[in-house]
Amino acid sequence: MVKERKLIIAGNWKMNKTVAEALDLVNGLKRELAAVKEVDIVVCPPFTALSEVSKVVLDSNIRLGAQDMSQHIGGAYTGEIAAGMLKEFSVRYVILGHSERRQFNGETDALVATKAAAALGASLKPIICVGELLHQRESGQTEAVIEAQLEGSLKGLTKGQLEESIIAYEPVWAIGTGKVATPQQAQEVHAYIRRRLAIMFDESTARHVRIQYGGSVKSSNARELMSQPDVDGALVGGASLEVRGFSDIVKNSI
Ligand code: PEP
């Protein structure tokens with residue numbers, strides 16, 4: 001199937017990999033994926049590895065992403081990293097509102113919207129995560145939850161800014177659990193997200209936005225998930241931590 005929108009496959013390494021391990025991984029990916037042109041490939045190492053990894057990917061088809069950033073441009077915010085600091089390492093993407101940040105750091109939709117505006121203001125592409133908890137799916141609230149997250153997390157963005165953004169649908173019950181959404185479940189929610197974006201912005205903007213699926217993506221399920229009409233890529237956690245797993249996902253997505 002030929003997709004109207006180019007796929008984006010991003011690896012979220014989370015709090016894993018020393019600098020040396022990160023370099024091993026990215027050098028391996030660079031070798032394995034050198035010939036891939038059909039997919040935008042992004043790796044999101046921990047902050048501490050961005051500097052070294054950025055040097056390796058400079059002359060490659062791999063782009064760099066960060067796992068979070070501050071909503072502030074600088075100042076007295078101990079422990080925080082600003083968009084401008086990420087740009088020093090040629091970071092182009094930033095994951096925002098990941099369910100782990102929502103769960104463990106109390107991040108709200110309003111905060112995600114502020115961070116998204118700050119990212120876009122610095123010409124970084126935000127990968128904005130939404131997704132329902134298991135009990136919300138089981139009680140039929142998936143669409144209501146996603147609608148509220150989209151309304152809150154995209155508040156204030158212009159149509160042009162939304163086109164520069166990526167939405168990641170990550171059902172929380174599928175993250176790191178090995179319990180992947182079926183291709184049909186993913187397609188249903190992705191189509192719903194696109195319909196909501198058309199209402200919030202317009203049809204043409206909604207058609208162009210890339211919507212990634214995340215949650216236990218592996219080489220064995222990538223092809224079927226990526227072939228769904230509204231699935232434009234993947235956000236991959238566990239399987240992005242080793243060369244074979246991640247490069248097979250990229251290759252199987254083409
Ligand atoms: C993630 O952390 O965004 C994720 C999707 O993790 P995993 O692929 O391990 O489920």
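**Walking through the model**

Let me start with Ser219, which is partly exposed, with a relative accessible area of 28%, where partly exposed covers whatever falls between buried (under 20% relative accessible area) and exposed (over 50%), using a 1.4 Å probe and protein chains only. Before I go further, please keep in mind that this is a predicted model, in which local features need pLDDT of at least 70 and side-chain atom pairs count only at pLDDT 80 or more, while totals for chains, interfaces and linings use all residues. Residues are numbered from 1 along each chain as its sequence is written, and side-chain values use heavy atoms, with hydrogens and water left out.

Ser219 sits in helix 11, residues 219-226; helices here are DSSP runs of H or I with at least four residues, strands are runs of E with at least two, and both are numbered from the N terminus. Setting aside residues up to four places away in sequence, Ser219 touches Asp248, Ile249 and Asn252, contact meaning heavy atoms within 4.5 Å. Ser219 and Lys251 are 32 residues apart in sequence, and their C-alpha atoms are 8.5 Å apart in space.

Most residues other than glycine have a negative phi. Lys17, although not a glycine, has a positive phi of about 85 degrees, and it belongs to the loop between strand 1 (7-12) and helix 1 (19-33), where its relative accessibility of 25% makes it partly exposed. Ser90 is not a glycine either, and its phi is positive at about 60 degrees; this serine lies in the loop between helix 3 and strand 4 and, at 42% relative accessibility, also counts as partly exposed.

Now to Ser70, in the loop between strand 3 (62-66) and helix 3 (83-87). Is Ser70 buried or exposed? It counts as buried, because its relative accessibility is 3%. A polar atom of the Ser70 side chain lies 2.8 Å from the backbone nitrogen of His72, which is a polar contact, that is, a pair of N or O atoms within 3.5 Å, where within protein one must be able to donate a hydrogen and the other to accept it, and residues adjacent in sequence count only if both atoms are side-chain atoms. Not counting residues up to four places away in sequence, Ser70 touches Glu80, Ile81, Lys115 and Ala118.

The 13 residues of helix 5, residues 109-121, should span 18 Å at 1.5 Å a residue, and its end C-alpha atoms are 18 Å apart, so the two agree; the expected span is 1.5 Å times one less than the number of residues. After helix 5 comes Ser123, with a positive phi near 60 degrees.

Let me turn to Asn12, which is found in strand 1 and is buried, with a relative accessible area of 5%. A polar atom of the Asn12 side chain lies 3.1 Å from the backbone nitrogen of Lys14. Leaving aside neighbours within four places in sequence, the contacts of Asn12 include Cys44, Gln67, Leu235 and His98. His98, in the loop between strand 4 and helix 4, is likewise buried, with a relative accessible area of 5%, and its side chain reaches the backbone nitrogen of Glu100 at 3.0 Å. Beyond its neighbours within four places in sequence, His98 is in contact with Asn12, Lys14, Cys129, Glu170 and Ile175.

Which residues come nearest to the ligand? Of the 14 residues around it, they are Lys14, Glu170, Gly176, Ser216 and Gly238, a residue being near if one of its heavy atoms lies within 4 Å. Polar side-chain atoms lie 2.6 Å from a ligand oxygen in the case of Lys14 and 2.7 Å from a ligand oxygen in the case of Glu170, and a polar backbone atom of Gly238 is 2.8 Å from an oxygen atom of the ligand. Taken alone, the ligand exposes 290 Å², and the protein buries 95% of that, with accessible areas from the Shrake-Rupley method with a 1.4 Å probe and, for residues, only the protein chains shown as cover.
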